[in-house]
Amino acid sequence: SLMGNVPAVAQPVWRVIDRLDDSFEICDGWAAVPSVSQAIDMTWAEARSTANEIGVASAADVAAKLGFPSGERDCEFDLWLQYANLQTFRECIVLEARSIADWVVVVLVQEERPLSVPELVDLIPVERAESSVRNAIATDERIVRVNRDAFALAKWGMETYSGIRELIGRYLDDNGGSVSLETLVIDLTKKFDVAETSVRAYASSFPYELRAGRVTWQDPDAQVKEGNLGTARRAYVTPEGVSFRFQVTPDHWRGSGSVMPSDLARCIGLSEGQTLTLASPLGDQTVYWTGLQPSMGSVKRLVEHLQAEPGEWVIAEFGTDGHFSLRKLDLSSRSGVALAQIMTGTDGELSGDARAAIATALSLPEESDWVSVVSAARDRGEDDLVDALMSDPAVDVGRGVDESSSAGSPSNVTVEDIMDLL
């Protein structure tokens, strides 16, 4: 009605009233006493006085205090709150939500239950990617992780989830340091969204040990296992240390870490639960064993520098002096023994010493014959290396490989062999 026209003066109603009475102000279609700006200040003040500890106030309570009729004029009050630059969410006024984490807190208070990241993304009234929400809540002390993908308010006092390894540690501490594996599996899978296979795997790895069906802490004074490169797939002995051949994947270009053989890790001095920093020409390189398998940190900068595309092969070299480097391998220009030398990183050796060099790289005696070399490569699961050797007429093995190799024997397949193939 304020926008209507007064024919006698050919002016809108709000302008005529504004001229006749100075006790109120009309601005942008709103009429307020004594002024619109003061009405906005009053609305903010009432919202603050009504808000709870996280800065959320009931819109209905604020409307009642301001004398705004409820019911039929609810839509009009919503428009007023927008005009006053007040955020609203589910019939509430939200005063303190300035970040993603703030909105997560508001949503959790409203829902009164733990929520997953996808649920939070759907519920918070600001458009954000799941990764942004996950990063925001990871460092906010008001929010805790209570399951594999569920978050709650810290003040609710729920048991926190920090990973299967930590859950097992807490369980051992609460049960005298020793527990039946079956009891552990049943209790953790019932209480948390974790897989039985994962609980079993972590329960038998550092810093725990599994003996006679019971899980305990490992003895900190126990002798550290030594690495055996003879069984480590695509890991080789070099004059300067050890090396590891692997195929570049899109994950390397994205900056992800990658699994390395356990025996290789032990040979470079990396133990379970540890992280090492190695020097490389393009900056420090990390290797770590904080999960079930040891891993190399990101080599993105190195594969970019080498222009090693996904599908191409490279060899990582670990020096005894703590040095790390990466070389791109050209496997397309060679065949036979020459190709095998490139694969094992022995291509710098003289051609006449190829057999001895490859044997040494495979942790065999230098005087080993071709039968032993090919058998060792096959036992390690390096079929590409076997194919390269067997294609060379100079590698005379006859029927010796079939008789000496134990490839295919189930007794030689270990969990680490399977993990290395993944």
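S295 touches S258, V259, M260, V287 and Y288, leaving aside residues up to four places away in sequence. In this predicted model, S295 lies in strand β18, which spans residues 295-296. S295 has a relative accessibility of 9%. Buried means under 20% relative accessible area, so S295 counts as buried.

Helix α15 covers residues 354-361 and is mostly covered. Six of its eight residues are buried. These are A354, A356, A357, I358, A359 and A361. Several elements cover the buried residues of α15, including strand β13 (235-238) and the helices α14 (336-344), α16 (370-379) and α17. Just after α15, S363 takes a positive phi of about 65°.

Helix α17, one of the elements that cover α15, runs from residue 383 to residue 390 and holds D387. D387 has a relative accessible area of 53%. The cut-off for exposed is over 50%, so D387 is exposed. D387 and V337 are 50 residues apart in sequence. In space, the C-alpha atoms of D387 and V337 are 10.0 Å apart.

E166 sits in helix α8, residues 164-174. The relative accessible area of E166 is 39%. This value falls between the cut-offs of 20% and 50%, so E166 is partly exposed. E166 and Y202 are separated by 36 residues in sequence. Their C-alpha atoms are 9.8 Å apart.

Definitions and conventions. Residues numbered from 1 in each chain as written. Predicted model: local features only at pLDDT ≥ 70, side-chain atom pairs only at ≥ 80, totals over all residues. Heavy atoms only, no water. Helix = DSSP H or I, 4+ residues; strand = E, 2+ residues; numbered from the N terminus. Buried < 20%, exposed > 50% of the residue type's maximum accessible area, 1.4 Å probe, protein only. Contact = heavy atoms within 4.5 Å.
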